[in-house]
Amino acid sequence: MSHSHAPGQQSCSHPESHVHDAAAYLAEVAAVCRERGLRLTHLREQVLRLIAEADKPVKAYALLEQMRDERGPVAPPTVYRALDFLLENGFIHKLESINAFVGCHHPRQQHSVPFLICKRCLATVELEDEAVTRLLLQQARALGFEPHAQTLEVHGLCANCGGADAAR
Ligand SMILES: [Zn+2]
Ligand SMILES: [Zn+2]
Ligand SMILES: [Zn+2]
């Protein structure tokens with residue numbers, strides 16, 4: 001498929017539902033919610049937009065602060081419930097290792113994919129390839145292990161911060 005990706009990303013697991021910018025992403029999530037009969041409340045939409053517009057993974061407390069700036073007092077549980085809704089429906093990902101949230105480039109898909117996280121600038125890349133995850137699950141099941149959750153997060157340095165030369 002011919003849509004472009006960040007340097008180093010060669011393939012895309014769901015090119016048909018790939019979105020690039022914040023506006024397209026928000027529109028796509030809104031469309032999916034309409035199709036599936038999900039309620040994208042104003043608050044959920046606001047949380048989603050803040051995540052979409054951030055260029056780095058966002059932590060829950062930072063979200064709360066921004067919400068308070070925009071709309072006044074907000075009870076933390078409402079924000080956590082909004083995050084749960086967005087996670088459950090595959091619209092965002094939680095990066096467990098840094099306890100932060102990022103938007104998903106494929107809001108139509110529920111998927112589990114690896115992430116590359118730059119430890120210096122926190123730039124994050126969703127590695128759009130489910131093969132790694134599939135292999136991991138196969139290996140686990142071969143050992144009689146039934147995985148319930150999986151997060152694959154690779155820490156290192158991105159190309160901008162002096163990582164390995166990226167093939168361009
Ligand atoms: Zn893609
Ligand atoms: Zn994703
Ligand atoms: Zn970096």
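**Entry 1: around Ile 92**

I started with Ile 92: leaving aside its neighbours within four places in sequence, Ile 92 is in contact with Ile 51, Leu 86, Leu 87, Phe 101, Val 102, Gly 103 and Cys 104. I call two residues in contact if their C-beta atoms, placed from the backbone, lie within 7 Å. A reminder to myself: this is a predicted model, where local features need pLDDT of at least 70, side-chain atom pairs count only at pLDDT 80 or more, and totals for chains, interfaces and linings use all residues. Residues are numbered from 1 along each chain as its sequence is written, while chains are lettered from A and ligands numbered from 1 in the order in which they are written.

**Entry 2: His 93**

I then looked up His 93, which has its place in strand E1. Helices (H or I, at least four residues) and strands (E, at least two) are DSSP runs, numbered from the N terminus. Is His 93 buried or exposed? His 93 counts as buried because it has 24 C-beta neighbours inside 10 Å. The cut-offs are 20 or more other C-beta atoms within 10 Å of its own for buried, 12 or fewer for exposed, and partly exposed in between, with C-beta atoms placed from the backbone. Not counting residues up to four places away in sequence, His 93 touches Val 102 and Cys 104.

**Entry 3: the hairpin**

I followed E1 to its partner and found that E1 and E2 pair in the antiparallel sense over four bridges; pairing takes at least two bridges found by DSSP between two strands. Lys 94 stands opposite Phe 101 in E2. The two strands form a hairpin with four residues between them, and Asn 99 in the turn has a positive phi of about 50°.

**Entry 4: helix H2**

I checked the length of helix H2 (residues 42-53): its twelve residues should span 16 Å at 1.5 Å a residue, and its end C-alpha atoms are 16 Å apart, which agrees. The expected span is 1.5 Å times one less than the number of residues. Which residues of H2 are buried? I noted Arg 44, Val 47, Leu 48, Ile 51 and Ala 52. Seen down the axis of H2, these fall within an arc of 135°, so they line one face of the helix. I take the arc as that of the directions from the helix axis to the C-beta atoms. Their cover includes helix H1 (22-36), helix H3 (60-71), helix H4 (76-88), strand E1 (92-95) and strand E2 (100-103).

**Entry 5: helix H4**

I found Val 79, Ala 82, Leu 83, Phe 85 and Leu 86 to be the buried residues of H4. They cover an arc of only 155° around the axis, which puts them on the same side of H4. They pack against H2, H3, E1 and E2. The face turned away from this buried side carries the exposed residues Pro 76, Pro 77, Asp 84 and Glu 88. Just after H4, Gly 90 takes a positive phi of about 75°.

**Entry 6: the core**

Of its 23 residues, Val 47, Leu 48, Ile 51, Leu 86, Ile 92 and Phe 101 touch the most other members. H1, H2, H3, H4 and E2 each give two or more residues to this core, and H4 gives the most, with five residues.

Key
A nonpolar core is a set of buried Ala, Val, Leu, Ile, Met, Phe, Trp, Tyr and Cys residues joined through C-beta atoms within 7 Å.
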